Amino acid sequence: MPRSLLTLPLTLALAASALSAQEAPAPQAEPVQAPAGQQPALAPANGQEGLVVDVEGGISAPMPIAIPAMPTNAVVQTAAGTTDVVGQQLSQIIANDLRNSGLFTPVPPTQLRTVSFPEVTAPAFDYWNGTGAQALVQGYVRANGDGTLTVGCYLYDVLARSELARQGFVVAPGEWRRAAHKCADSIYTKLTGEGPYFDSRVVYVSETGPKGRRIKRLAIMDQDGANHRFLTNGQSIVLTPRFAPNQQSIVYMSYVDKRPAIYVYDIGSGRQRLVVQNAATTFAPRFSPDGRWILFSMAQGGNTDIYRVSSQGGSPQRLTNAPGIDTGGSYSPDGSKIVFESDRSGGQQIYVMNADGSNQQRISFGGGRYATPVWSPRGDLIAFTKLGGAFRIGIMNPSGGGEKLLTDSWQDEGPSWSPNGRVITFQRSTQGASGKADVWMVDLTGVNERRIPTPLDGSDPAWGPLRP
Amino acid sequence: MTKIKTTLVVAAMALAIAGCAKKRPAVLPPAPVDQNAGVDPNAGQTNPGDGAIVPGSDADFKRSVTSNTVHFGLDQYDIDPEARAILDSQAAWLQRYPNVRITIEGHCDERGTREYNLALGDRRANAAKNYLAARGVTADRMTVISYGKERPIALGSDEASYAQNRRAVTIVLG
């Protein structure tokens, strides 16, 4: 990956956003400017040499990486806390992100040394080499006069004693964690060649109460479970939320007024809007990649078909008309195709059609039933739930080949892709009268699987796009 | 108000007897509870405060019909003979109270995915609705709602529980 590509998207970040990225200014006390003009000794992530992490291999050991606490030029009280404490927390968030990817092993805290402010750009490579770390992440925190924080983020190749990347982020105090996620994203991107995904959110359904009368609320959180917030009050059943591509709204299904239908929830105002004025039940809503359309299912007289409607409302356009249940549509990232499930053959199977409903073709032919297909944002894979006794999360390519099951539990359901298409979030349920669901994530190797901490139980997780 | 209701009930009774006696063979088993509500429309209205059952109410429906619930096979939505007998008793009661509106809830067990089960629950509710319509209950008296797997009544993850949860429930709207 060319170096320029690494910094470009981040640098483009936002007038409107409270978070902005820039070339990291060197710490003021830094006497040596060597890193600025220095070429990295190793070309990262090109598969040839140097520090490269294989995302799909799954067998190779995670890369040891040292992430010491970020020093500050001056300890200042800010709305996010004192800058020295923020610096410690930032390094922990970065370490958690990288560890959670399954591709990195952060050096234990006991082996981390205290990094002084000037040392940020002049690492003690000999020391870090002794810890076994192959990569080193250093950074700093500085409180700015206008109340914002600047976070510097540097990635070093310990063996080559060279700098691989540097980034700087200016954040509002309320969004300080995002600087850590952006830093972790830049490291992950640099070392794996994959797209970033840590600075993103998940919307899901928070669940509590007895199994026969679950109380369900829409909730939103960062992908690591932080900044958790409930969006609805639990008076009506809510199901299957999905982010709009611009992340300003969420489409979901609600039983408000005992009339199950799809609604759009505006995150800024908290207002909810009925999408389709129709007596029939509407469900399984998904935005198109450009946000102009909402794909959904409508059940009428026992028959369910897939429709699309302008995200502003209006008359729905019918896309399928097979007798039977056609549901669970998901657009390809270029918006030209839709993958969906249908039981027209007798049991649930996966089909692909053009976005206008033409050319419907079945693509799943393995044993058992296939449900909830979701197209990867990279376009290369379709994730699904496979039913055959247990429910398992699997992937296949868009022509139906290369099927691979990623999870093996009693009931795993409803995959949703990370923004870079390398990780899948889903719900895992346990059986019996006290059975409950939780939000989980698994990577494409199927090896790295973990539960996302939520205040209550959770279901129907949907991963949002990378934040601007 | 009470008087009008009483009149309606009597009229409905007459209709029910006239309308059903021939259509329905002697399939209907003896009702497990007493069916005096139809015979004596004033019963239950004298002292509502006593918790007596109001004719034409959901409580009246539940004690008058064989069952307010029909069950289905795994991933099925056909009305089997047992379900037919139950729906026949529901149709008979509904003919006695032609102004009563109902909603039919469709439910599924937990072995289907969420959205598919919403569609399957709709199928089941509509299967019951269509049967009642064929038995003379006009479509505009009936609405359906699918709960998919959101509202199980049996909480276990075993076949006995699943069988109870695959159901369509008729509820009289108050």
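**Reading a helix crossing and a chain contact**

Author: Helix 4 of chain B passes helix 5 of chain B in a right-handed crossing, the near helix being turned clockwise from the far one by less than a right angle. This is a predicted model, in which local features need pLDDT of at least 70, side-chain atom pairs count only at pLDDT 80 or more, and totals for chains, interfaces and linings use all residues. Residues are numbered from 1 along each chain as its sequence is written, and chains are lettered from A in the order in which they are written.

Reader: At what angle do helix 4 and helix 5 of chain B pack, and how far apart are their axes?

Author: Two packed helices are described by the angle between their axes and the distance between the axes. Here helix 4 (residues 81-96) and helix 5 of chain B pack at about 55°, with axes 9 Å apart, and are therefore oblique to each other (angles under 35 degrees count as roughly parallel, over 145 as roughly antiparallel, 65 to 115 as roughly perpendicular and the rest as oblique).

Reader: Which residues make the contact between these two helices of chain B?

Author: Residues are in contact if their C-beta atoms, placed from the backbone, lie within 7 Å. Helix 4 of chain B contributes L87(B), Q90(B), A91(B) and L94(B), while helix 5 of chain B contributes A128(B), Y131(B) and L132(B).

Reader: How many residues does each chain bring to the contact between chain A and chain B?

Author: Chain B brings 20 residues and chain A 29 residues. On the side of chain B that touches chain A, helix 5 of chain B gives the most, with ten residues.

Methods:
Helices (H or I, at least four residues) and strands (E, at least two) are DSSP runs, numbered from the N terminus. Axes are lines fitted to C-alpha atoms, for helices over the stretch in contact, and angles run from 0 to 180 degrees between N-to-C directions.
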